[in-house]
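Biologist: I would like to go through this model term by term. Please set each value against its cut-off.

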Amino acid sequence: MARTHYMQELESVRQNLIQMGETTTALLTEALHVLAGGDSGSAERASELEARTDHQLRTIHDQCLSLITLQAPVARDARLVTGILDAIVDLELIGDYAYEIVTISGSMERRPPHPIMNQISEIGRKTCEALSTALEAWRSDETAPGLPVKAQEEAIKEEAIKEEAIRAECRTLYGKLAQLTSAPGDAMPYVNLMLICRHFERISRHAVCVAEQAAGAAPLSNSQ
């Protein structure tokens, strides 16, 4: 009976992590809306989502500490709990960067020409897709962390390839924006986009970490 309750607690923590990931993804999506011009409610929704991620972080953190203190999980269960603790930190950082994008985008009085905005929006879309892919690893017992080792390694490799592609696009766009800041006229819109570009690069890096943590965690059905 005690073991059943313990397993239910582990599953509850995992589900809360998934919900936090969904909130973070929604926040990043709102950031993309604000970057594109958005509507009057985008910034307000983003603020609410950012506050929710902070609350979810504290809730999951407390749940994990309770499990560690009261149950002293070992082996696979311990890897699951520590993996979740690491993942929520990365998700919070992703949320922080996403909200920074909202703040920067909302302060932009003038936006650069459409080709540049389209390019950075596409980078943002790919970054959001990478985060969604990373979260899939936590969604069910059949997906990671329950995948065989080879499948886990393939999933991480695919995520790393996406992250490197995003970083390459960011570096290219960053160089183009750096040149535009030295051109005559108001350079601030280009400086803002440079900051946003860096944030997308950081978000993609943390998304890889989320996938790696899922792969390193243990399947609940086989916990020891």
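Modeller: First, the ground rules. This is a predicted model, where local features need pLDDT of at least 70, side-chain atom pairs count only at pLDDT 80 or more, and totals for chains, interfaces and linings use all residues. Residues are numbered from 1 along each chain as its sequence is written, and side-chain values use heavy atoms, with hydrogens and water left out.

Biologist: What elements does the protein have, helices or strands?

Modeller: The protein has six helices and zero strands. Its order from the N terminus is α-α-α-α-α-α. Helices (H or I, at least four residues) and strands (E, at least two) are DSSP runs, numbered from the N terminus.

Biologist: What makes α2 and α3 roughly antiparallel?

Modeller: Their axes cross at roughly 165° and come within 10 Å. Axes are lines fitted to C-alpha atoms, for helices over the stretch in contact, and angles run from 0 to 180 degrees between N-to-C directions. Angles under 35 degrees count as roughly parallel, over 145 as roughly antiparallel, 65 to 115 as roughly perpendicular, and the rest as oblique. So α2 is roughly antiparallel to α3.

Biologist: Which residues make that contact?

Modeller: Contact means heavy atoms within 4.5 Å. On α2 the residues include A43, L57 and I68, and on α3 they include V81, G95 and V102. By class, there are 14 nonpolar, three polar and four charged residues. Ala, Val, Leu, Ile, Met, Phe, Trp, Tyr, Cys and Pro count as nonpolar, Asp, Glu, Lys and Arg as charged, and the others, Gly among them, as polar.

Biologist: How do α3 and α6 pack?

Modeller: Helix α3 (residues 75–107) and α6 pack at about 165°, with axes 9 Å apart. They are therefore roughly antiparallel to each other. Their contact has 15 nonpolar, seven polar and five charged residues.

Biologist: What makes E163 and R167 a salt bridge?

Modeller: Their N to O distance is 3.8 Å. Both lie in helix α5 (residues 149–181), four residues apart, so about one helical turn separates them. E163 is buried at 10%, whereas R167 is partly exposed at 25%.

Biologist: And where do E201 and R198 lie?

Modeller: Both are in helix α6 (residues 188–216), three residues apart, about one turn of the helix. Salt bridges that share partners join E163, R167, R198, E201 and R205 into one network. The closest N and O atoms of E201 and R198 are 3.3 Å apart. E201 is buried at 7%, and R198 is partly exposed at 29%.

Biologist: How many salt bridges does the whole structure have?

Modeller: The search finds 12.

Note on methods: A salt bridge is a side-chain nitrogen of Lys or Arg within 4 Å of a carboxyl oxygen of Asp or Glu. Buried means under 20% relative accessible area, exposed over 50%, partly exposed in between (1.4 Å probe, protein chains only).
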